[in-house]
Amino acid sequence: MTPQAATAILNTINKGMIRGSLGRMLIEQKYIDEERFLGFMAKQFYYETISTIEDNALDYHYVEPFPIAYLKTNLAVVLQGENGTPQVIMADPFNYKILDDFRQILNLPLSTPILASSGVVLSAINRSYGKAEGRLDAALWDMDEIAGLEFESSLDESIGRDLLDETSSAPVIKLVNQIIFKAIKNNASDIHIEPSQTDCRVRYRLDGVLHPIDDIPKNLQAPLLSRLKVMARLNIAEKRLPQDGRIEIRLGEQIVDIRISIFPTALGERAVLRLLDKNAKILRLTELGLSSECLDELRSFVSLSHGLILVTGPTGSGKTTTLYAALQHINTPNKNILTIEDPVEYQIKGIGQMQVNPKIDLTFSSGLRSMVRQDPDVILVGEIRDRETANIAVQAAMTGHLVFSTLHTNDAATAVTRLVDMGIEPFLLSSACRVLIAQRLIRVLCPYCKRQDILSDQEMAAIRLENDSVSQVFRAVGCENCLHTGFKGRTAIYEMIKMTEGMQELVMETSDVRRIRQLAMAEGTVSMRDDGIRKVLLGVTTIEEVHKATSLI
């Protein structure tokens, strides 16, 4: 160590600026490497060291008695050790005070601590707090005298901060944080805040279905909406016009992008918050719910050098998720993959993604026209909405590009009729298109509470089953793990129409949906309904879910 470094250390000590032990101070000042320091201390005192902490070791009950700022300052946390015994993980081997606090407050026998780097410990702290079940009723305890609350500029200070670090005592801030926190932890896609004559209702969209969560007193409606406007940097004085904004928050290691829409009604303003987890993992093809036969076929189609692959279905049926999984499957350094989307929902490393912007005349058609001059191997068009976009996509597929896109149609066969109606020549469509895929999302039964049952005669007849050996299915029940909905997560049901020689000839002859569907079934296509019934018999979902998803097809 240089004399200058030693002098700086002594000055720091004399000024009382050390936070924790001398070792931590040397690490923070970058005089020594943390990994080497921990390794040395482990050898000296026979400590164990770890480099990662698995999620199954995290337990919120061990961190609940402590403020998160206290644990982060002391760089220590208690986890679930082997055989269910609590185990201290810490980054400072000399912080004996935190060990005493753990023993006294948790009233647990704690073994010799394990050393880990500060980054590993902080990640464990954040993820442990992330296991909490946010409760709105706890935030409402402080709300009795909130009616006259005035908003100050200090509200802006919490914007962009970690929601877990938020320590503001303002009741409305606590309420909003709890609403968002609970939605994120339950994987809600949307939050609805809706005024009525007597109160203000909060609903979450879980697995595509809206569920009432809490009723907030009517006098909290205006402060709640004002707080959301402040977070989204909207005009809090404007209550007559719709407003749209965006909020980005952190919850531990999660970064969540929230799109907020404020809409005036006769009973006051209502808000809808769309939650988008930026850290969400993009699914692989094997995780989409495809049968083994369909999975093999789709893998072969997405590996082609050129052609058009269309995914159809209504809004919210998972089309983009399927296309992202396909792009991930073929995303290699020797391919140039470009996308144009509205909006870009997830960033994929190694892929050029463009967002539509009608304000500057950047539409699907204009963006796609420029994209083909970028020497792409693979192109993804978020949606084919008009004739011009359809023409460019088909031409690109005919000239050596693999093109992925989506259409809003009820089933795969109807996509042919839709494109012909847009003005695409049938001979071009039959030559360019490789496969038409239709899909719907269905809810998956909660694994913790689903109950085995027997099909009734009417249900057996409805799904055309005669063999009593396959009459066992599962029903939804509901428990704490699924917010008493009986379902947890969603999967997709699919049908795939391959553009075989026979199908090409039929498409050039007619765009009649009935005839196209009949030929597809004769050639072995499994309908979405039949794919859903397979999942019912496997115990994945219920007959009601499949019927709801396919009743209009």
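## A strand covered on both faces

In strand 14, V378 is the bridge partner of I337. Helices (H or I, at least four residues) and strands (E, at least two) are DSSP runs, numbered from the N terminus. This is a predicted model: local features need pLDDT of at least 70, side-chain atom pairs count only at pLDDT 80 or more, and totals for chains, interfaces and linings use all residues. Residues are numbered from 1 along each chain as its sequence is written, and side-chain values use heavy atoms, with hydrogens and water left out.

Strand 12 (residues 337-341) runs parallel to strand 14, and four bridges join them. Strand 14 also runs parallel to strand 15 (residues 402-407), again with four bridges. Here L380 has F404 of strand 15 as its bridge partner. Two strands pair if DSSP finds at least two bridges between them.

Are the two faces of strand 14 (residues 378-381) buried or exposed? V378 and L380 on one side are buried, and so are I379 and V381 on the other. Buried means under 20% relative accessible area, exposed over 50%, and partly exposed in between (1.4 Å probe, protein chains only).

Four strands form an open sheet in the order 1-4-3-2, with mixed pairing. Strand 1 (48-49) and strand 2 (76-80) stand at the edges, each with a single partner strand, so one side of each has no neighbour in the sheet. Strand 3 (residues 86-90) and strand 4 (residues 114-115) pair in the parallel sense over two bridges. M90 has L115 of strand 4 as its bridge partner.

Helix 6 (residues 96-106) lies across strand 2 and strand 3, at about 45° to strand 2. Helix 7 (residues 118-129) packs on the sheet and touches strand 2 and strand 3. The direction of helix 7 makes about 60° with that of strand 2. Contact means heavy atoms within 4.5 Å. Axes are lines fitted to C-alpha atoms, for helices over the stretch in contact, and angles run from 0 to 180 degrees between N-to-C directions.

The axes of helix 15 (residues 412-421) and helix 19 (residues 513-522) come within 8 Å and cross at roughly 140°. That makes helix 15 oblique to helix 19. Angles under 35 degrees count as roughly parallel, over 145 as roughly antiparallel, 65 to 115 as roughly perpendicular and the rest as oblique.

Which residues of helix 15 and helix 19 meet? A413, T414, V416 and T417 in helix 15 meet V513, I516 and R517 in helix 19.
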